[in-house]
Amino acid sequence: MNGLDKVAHRHMQIGEVAARTELSLRTIRHYEETGLVIPSARSQGGFRLYTETDVARLMVIRRMKPLGFTLEQMRDLLDATDRLDGDAALDTAEREALLERVRTYQQAAAEQVEKLRTQLSRAEDFATTLTARLNRTA
């Protein structure tokens with residue numbers, strides 16, 4: 001096992017994962033209960049143990065949430081990427097169908113990012129207007 005393999009298979013407890021992902025313990029446990037991420041192992045004492053792969057899944061979820069994706073959509077995307085990344089040989093049609101699912105999520109994410117940019121621009125304009133108003137009356 002080379003150094004990269006050792007890092008990928010190193011186990012972390014939930015507290016370290018929470019710190020790395022900036023998710024609460026409760027949120028990580030919720031994602032486990034809904035089947036979005038399952039700890040790779042358990043310690044002898046029953047503590048959840050996670051790998052870098054688990055952390056990567058949590059980061060996908062964390063990035064999807066503010067864009068308004070549902071838990072079911074998160075599950076669907078993770079399923080598609082898991083199958084694409086898996087070792088099983090996919091036939092061309094199945095691979096293309098999975099890629100199309102991922103493309104659909106990419107397009108939806110891009111559209112939502114654009115909406116958020118517009119909202120942010122409006123919020124910045126509003127804050128600037130208030131600052132100018134305060135500066136006029138000060």
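What you see is a predicted model, in which local features need pLDDT of at least 70, side-chain atom pairs count only at pLDDT 80 or more, and totals for chains, interfaces and linings use all residues. Residues are numbered from 1 along each chain as its sequence is written, and side-chain values use heavy atoms, with hydrogens and water left out.

Let's start with the sheet. It's an open one of 3 strands, in the order E1-E3-E2, with antiparallel pairing. Strand E1 (12–13) and strand E2 (41–42) sit at the edges, and each has a single partner strand, so one side of each has no neighbour in the sheet. Strands here are DSSP E runs of at least two residues, while helices are H or I runs of at least four, numbered from the N terminus. Two strands pair if DSSP finds at least two bridges between them, and E2 and E3 are joined in the antiparallel sense over 2 bridges.

Now zoom in on Leu 49, which belongs to strand E3 and is the bridge partner of Ala 41. Leu 49 counts as buried because its relative accessibility is 14%; the label buried means under 20% relative accessible area, exposed means over 50%, and partly exposed is in between (1.4 Å probe, protein chains only). Beyond its neighbours within four places in sequence, Leu 49 is in contact with residues including Met 12, Gln 13, Ala 41 and Arg 42, where contact means heavy atoms within 4.5 Å. The C-alpha atoms of Leu 49 and Gln 13 are 4.9 Å apart, although 36 residues separate the two along the chain.

Next comes Thr 51, in the loop between strand E3 (48–50) and H4. Thr 51 is buried too, at 7% relative accessibility.

Finally, helix H4 (52–64) and helix H5 (71–85) each supply at least two residues of the lining of the largest pocket. Thr 53, Ala 56, Arg 57, Val 60, Leu 78, Thr 81, Asp 82 and Asp 85 line that pocket. On a 1 Å grid over the protein atoms alone, a pocket is an open set of points where a 1.4 Å probe fits, with protein on both sides within 12 Å along at least five of seven lines, and lining residues have an atom within 4 Å of a point. Arg 57 lies in helix H4 and is buried, with a relative accessible area of 16%. Leaving aside its neighbours within four places in sequence, Arg 57 is in contact with Leu 36, Val 37, Leu 78 and Asp 82.
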